[in-house]
Each structure stands twice: as C-alpha cells, then as structure tokens.
Amino acid sequence: MASRLMSWIRKNVLLTSAIVIAIAGLIVLSLGARAVQPSPVSISNISSVKEGEFVSFLGVVQSVSPRDSGYSVAVCDSSSGKNCVSVLMARSIIPSTLIPGDYVTIRGGLKMYLGHMFVVPSQPADVTIVNPPSQ
Amino acid sequence: MIIPLVMGIILGIIAGLLPGVHPNAISYLLGYMPADSMDLSIAIIASAAANNILSLIPAIFLFVPDTETVLSVLPGHSMVQSGLGRRAIAVCGWAALLSLLFLVFILPVSFIALPSVYSIIRPVLGPLLAALAILFLAEERTKGIRGLAKGAFVFLLAGTLGIVVLDSPLLSEPLFPVFTGFFAFSSLLLSSEGTSIPKQEGWSASMPVRMRTLALVVLFGVLLGVAADLLPALGSPAQLATFGSPLIAGDPSMFLALTTSITVGHSANSLVALQTIGKERIGATAMVNDLIGQPNTEITVVLLAVFFIATAVSIAMLFFLSDIFMRFIGRIDLRKVNVVLFIYLLAAVLYTGGLAAVLVATVATAMGVLPPLLGVRRTHLMGFLIVPTVLALVA
C-alpha cells in the first residue's frame, strides 16, 4: 500500500513538474526570442557574420521569386548593388506590396540551409519597406 | 573513383557512429577540400549513404537520434530491452537491401514523372497534411476521450515548441537539442531497466520472420521517401515516418523497416530531384550542386551507382560493427554508459547552441517524459515538426 502510494506520488510529482517546466520553458523561450536585439550589419560584410546571429540591415530588393512554401527575395547593397543576400520569407511574412526596387530593412536569423547562406525573418514586423530610405 | 568512394564510406561510418555529428558537417568538410569536384561529389554521396545506415547503431543501442534516425530510437530501444537487438539490426539491414532493390525499378519512373507530379501536389499539400495530422492523433481513440485529449496535449505542446524555436533568433540549429531532449535525455531520466543491456539473442534468431510483410512495408517506405523529395515542407524522413506509423502500429521491427526504407529512398531520389527539378533536398546534394552544378543524366547515374555501392557496403558494416558494439556494451555497467552519454550529449548541446540550446533541451526533456507518464505514444512529440509545417503551408 505504502509503495503504491509512493509510486503514485512519484509519478504525479514527475508529471506535474514536467508539465510546469515545459510550459514555463515555452514562455521563457518565447520572451527570450523577443528580447534579442539584432546586430546591425551591411550586406557587404554579412558573409563574415557567424551563422545563427540575429542581424538587421538595409538594402534594395533585386528580385522576388517563389521558393518552396514561401519566397526567396534577393536584397542587394543599396549603395553599390554588387553584394546581395537571399532572404527567405514565408507567405505570411512577405509584404503584399513588395516589388523589385523597394528599399527594405530586414531583421532575421542568419542560417546556412543546404550549403547556402540565408537571412530568415520570423514575423511580418521583421520586413519593413522604407521608400525613400532613411539615412 | 575508387579512392573517393572508399574515403566517403569511411567518413560516413565515423560520422554515423559518433552521436551528434551531423552528416551535413561531413559533406561541408569534404566540399571545401582541395580536390577534383567530381571526386569530392562521389565522396560526399558515399559518406551520406554510409551515414544513413551506420547512424542506426547509436540510435538503436544508445537511444541517441539524429534527424534521420529519430523515430528509430523508440522501437530500437524496446527491442534491445527485449534482447532483440540483433533482430533490430537485421530488420534494418534487410530493409535497406530491399530498398535498393525496389529503387532499381522506382528511380527510372521518378526520372520521368517527378516534374509533373511535383506541380500537381504542391497546391494541396497544406490541407493534406492537416488531415493526416488529425488521422495521426486518432490513433489514441482506443483509449477513449481521455487518451485522445492526452495525445492532443502532447502533440500541441510539442507543436508549440516547434513554433517557438524553429525560427527563433536564440539558436540557429534547434533540431539536435530538441531531439536529444525528447528521446535521449528523457529516456536516461526514466531509465530503470537495471544496470546492463540484457543479453541479446544470436543472429540465428534474428532473421525477419515475415519477409512478405517486410517487403510490403519497405516498398511503402521507399515510396514515402521518394515523396519526401516532392514535398518541400517535409524535408525530414522522420516527418513522413510519423504519418506512416498508424499503418504499422504496435510492431517495432516493421517501424524500423519503414524508417530505414524512407531514409534510403529519400536520399537516393534526392539525386534524381536535383537533376530533374533542380531541388536540393539533402545537404549532400546541395554540396554536389555547389561543386559541379545541376548534374546531367550521365553524372546522376554515376552518383546513383556510388550511392548503391556505398549503401550495400554499409549494410555489411552495419552487421559487423553492431555485433562488436553489442559485445562491448553488454560487458559494461549501463549506468556508467548513461552517465558518460549524458555528459557527452550535454557538452555537444552546449557546444552547438550555447545556453539557449541547453534551455531548449531541458524543455524538450520535460516534454519527452510526458508520453510514458500519460500513457500515450511518444510519436506525438513529432507535432514539433508537423504543426509548424502545416501552419506554414496553410498560412
């Protein structure tokens, strides 16, 4: 009887603790992600930034092309136009009015995906059209 | 061709046996070596093929998954605990061998049909996956409404973790800490099966008994693996195995056969996908594309031959090395193995993603202990991948 009671308590304490840790952890991770401030970079030196860094930059849209379940947007250096970076945007993130030639500020994580470097914004607010660009 | 093939197989075996070493890391390492591009491509494909097979050993015996073998951990664990470790290996080996056989007939069809099927399936993918997710949850209907609710709770909790961490700026590579928490840390936490792995039955008792059923499961798995190359949101064979699991519920050996054949089919067809629709579906084909560009039919056939040879050699190595592994691990105290494994995995999680990855692994561990405590299937944890995928497709 005592061992069954201990077993019941042990199981339920573990179960309750696991649920509390899981939910509290989700809240902490969610708040932590919002608190991270991006590091401002220029497109010309983005290749020297470590993978996984959260970055922000200004650039001009060169092309918008469908890719898998979203879009691949080529954003180039606004001054020279020589250096470009690919930005992967989900359909729920890309602004409906975005067209080549638009100046944009992008915030997102720098990721290597299948051997290529991409910036991946995670919410609509991470992509802002700024015409004309604020200097 | 022989030297890069052998080098690739050796590197793939090493990466497969070392938990936490992602096969893509080997591809990238090889991709930047100063050598002929075609030789490097051969080595990369050979290493990916060998890694597919040999990573089954840590998944089955140490319960340490990677993205390819994540769903092999649970059935492998239960078979090892029942003394059927050799049968688990034999089933995987036979499944891989039969997969190669079926691929000989399926790949030519894929060459011809892939582009048109790809354009047909894309528009209906979101609703299709949502329907499959509901079907997947309905597995718990035999346990009544409470079973369904518990399954849905675990599924949605894991799905929320996927939404929070998959695009989080906190860490760039969330899959390793999450899968380690879900399956390895939680298994270590709940482990109470004694101090050593039970004595394993010999090879004579390990032959799969139902070869016809095995062949059907493997055929289904290979077709799912080929489908994985059609569906951009389903990059991981684990996701497709999750959807296929209700069809073979309750049979761990058939589940192992399914996951193995999906992995082999997915990898082989990714070479066809690179040539026919220009899509890079795995890290190895992405690096090949970087090295030699989109390959023509002749080069694709050569790379497929390399894949077939490397997989066949790796199957033989799987039997040989797993036998050594079983003898070695059977002699030592499992608690010591668990402690060493825990420290190694914690260090690997910390190294790959810092403190954020440790926090993610902690949350994933808490979620990983829920299914056994609630009495529902652990595969509901794959809501981690399924929920964000469905949301991305229907948004």
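**Chain A fold and a surface patch on chain B**

Chain A exposes about 7,500 Å², and carbon and sulfur atoms supply 58% of this area. The structure is a predicted model. Of the 135 residues in chain A, 39% are buried. The secondary structure of chain A consists of one helix and seven strands, arranged from the N terminus on in the order α-β-β-β-β-β-β-β. Among contacts in chain A with a separation of 6 or more, 50% are accounted for by residues 24 or more positions apart.

Within chain A, Met89(A) belongs to strand E4, which spans residues 84-90. Met89(A) counts as buried because its relative accessibility is 2%, under the cut-off of 20%. Apart from neighbours within four places in sequence, Met89(A) is in contact with Gly70(A), Tyr71(A) and Val73(A), with Ile94(A), Pro95(A) and Leu98(A), and with Ile106(A), Pro121(A) and Val127(A). A distance of 9.0 Å separates the C-alpha atom of Met89(A) from that of Arg67(A), the two residues being 22 residues apart along the chain.

In chain B, a nonpolar patch on the surface is formed by Ile2(B), Val6(B), Ile10(B), Ile14(B), Leu18(B) and Tyr344(B), which together have about 530 Å² of accessible area. Helix H1 of chain B, residues 2-17, gives the most to this patch, with four residues. Ile14(B), one of the patch residues, lies in helix H1 of chain B.

Terms used:
Residues are numbered from 1 along each chain as its sequence is written. Chains are lettered from A and ligands numbered from 1 in the order in which they are written. This is a predicted model: local features need pLDDT of at least 70, side-chain atom pairs count only at pLDDT 80 or more; totals for chains, interfaces and linings use all residues. Side-chain values use heavy atoms; hydrogens and water are left out. Helices (H or I, at least four residues) and strands (E, at least two) are DSSP runs, numbered from the N terminus. Buried means under 20% relative accessible area, exposed over 50%, partly exposed in between (1.4 Å probe, protein chains only). Contact means heavy atoms within 4.5 Å. Accessible areas come from the Shrake-Rupley method with a 1.4 Å probe; for residues, only the protein chains shown count as cover. Patches are made of residues with over 30% relative accessible area and no salt bridge: like charges are joined within 9 Å, nonpolar side chains (Val, Leu, Ile, Met, Phe, Trp, Tyr) within 5 Å. A salt bridge is a side-chain nitrogen of Lys or Arg within 4 Å of a carboxyl oxygen of Asp or Glu.
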